[in-house]
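Please read these notes with the model open beside you.

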Amino acid sequence: GDYWNINDATVVCRQLGYNGTAIPLTNAVFGQGTGPIWMAYVFCDGSESSLDQCFFEGWGINYCGHSEDAAVVCQDSDSVQLDVPIRLVGGPTPNIGRVEVQFYGLWGTVCGNYWNWNYNDATVVCRQLGYNGTAIPLTNAVFGQGTGPIWMDYVGCNGSESSLDRCPFNGWGINYCGHYQDAGVVCQNYTQPVAPIRLVGGSTPNSGRVEVQYYGVWGTVCGDYWNINDATVVCRQLGYNGTAIPLTNAVFGQGTGPIWMAYVIC
């Protein structure tokens, strides 16, 4: 599947009798084949009637393993799949996790670049899954990296769509991501529990980095505008009744996972 692209996939699908959009896939997403790897470095311009009319290295000449086997999804113009199933994977509860989409029977992920995966996209995911509260978008594979294809990238929902695949996006399987950028969400219903907090990294139990557990996932609090009022509330919640001292700039070390809260004003 080295350099395997939409032109190559289009030729394959046309040769098989399909007239709709062709989706190229790599890295043996449908399993590794056996026997010889007959073609490598295939370069079609998209107009060829059969794959062997495209340029390639020569029969049996390759520098590949079966882990790179090429694949396609072929569609007819009148059979485009809509309202594809989605699920959340890797979270501590069913309403939290990595967003995965099932397209033509194959589960894959959604690219979660921090500059484009946003509240509108997360809202559509959560509504599709039956949640009616606030949706929180998360990026950079906070629930672990997925496997298989990255089905969607540059998703641009306006928030009103009934399913994620009805939002604008690059096209199935067209992405500029790695799985380390997989998108996640936290879906809420309107009734939410009080979030536990803890102090981490201090030399004594009463000092440390403030962390908040939201739906089972621990994360941190941004220290911008962090002051004595905010620190007082934290210490009271933890059972301390004396003076509270606010500290910023990760003096107890940098946390990991999501930064759950920012611009806190108590």
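1. The side chains of Asp 83 and Arg 166 form a salt bridge, with N and O 2.7 Å apart. A salt bridge here is a side-chain nitrogen of Lys or Arg within 4 Å of a carboxyl oxygen of Asp or Glu. The pair links distant parts of the chain, 83 residues apart: Asp 83 is in the loop between strands S2 (71–74) and S3 (86–90), and Arg 166 is in the loop between strands S7 (150–152) and S8 (184–187). Helices (H or I, at least four residues) and strands (E, at least two) are DSSP runs, numbered from the N terminus.

2. The model is predicted: local features need pLDDT of at least 70, side-chain atom pairs count only at pLDDT 80 or more, and totals for chains, interfaces and linings use all residues. Residues are numbered from 1 along each chain as its sequence is written, and side-chain values use heavy atoms, with hydrogens and water left out.

3. Buried means under 20% relative accessible area, exposed over 50%, and partly exposed in between (1.4 Å probe, protein chains only).

4. The structure holds five salt bridges. One of them joins Arg 87 and Glu 100, at 2.8 Å from N to O. Arg 87 is in strand S3 and Glu 100 in strand S4 (residues 96–103), 13 residues apart. Arg 87 is partly exposed at 33% relative accessibility, whereas Glu 100 is buried at 6%. The charged end of Arg 87 also sits over the ring of Trp 107, 4.0 Å from its centre. For this, NZ of Lys or CZ of Arg must be within 6 Å of the ring centre and within 35 degrees of the ring normal.

5. Arg 198 forms a salt bridge with Glu 211, the closest N and O atoms being 2.8 Å apart. Arg 198 is in strand S9 (residues 197–201) and Glu 211 in strand S10 (residues 208–214). Arg 198 is partly exposed at 32%, and Glu 211 is buried at 5%. Arg 198 also lies over the face of Trp 218, 3.9 Å from the ring centre.

6. Which residues of helix H2 (residues 119–128) are buried? Among them are Asp 121, Ala 122, Val 124 and Cys 126. The buried residues of H2 pack against S3, S4, strand S6 (135–138) and S8, where contact means heavy atoms within 4.5 Å. Just after H2, Gly 130 takes a positive phi of about 95 degrees.

7. A search of the whole structure finds 14 aromatic pairs. Rings of Phe, Tyr and Trp (its six-membered ring) pair if their centres lie within 6.5 Å; planes under 30 degrees apart count as stacked, over 60 as edge-to-face and the rest as tilted. The rings of Tyr 41 and Tyr 63 are 6.2 Å apart at their centres with planes at 55 degrees, so this pair is tilted. Tyr 41 is partly exposed, with a relative accessible area of 21%, while Tyr 63 is exposed at 58%. Phe 103 and Trp 151 form an edge-to-face pair, 5.0 Å centre to centre with 70 degrees between the planes. Phe 103 lies in strand S4 and Trp 151 in strand S7, so the pair ties together parts 48 residues apart in sequence. Both Phe 103 and Trp 151 are buried.
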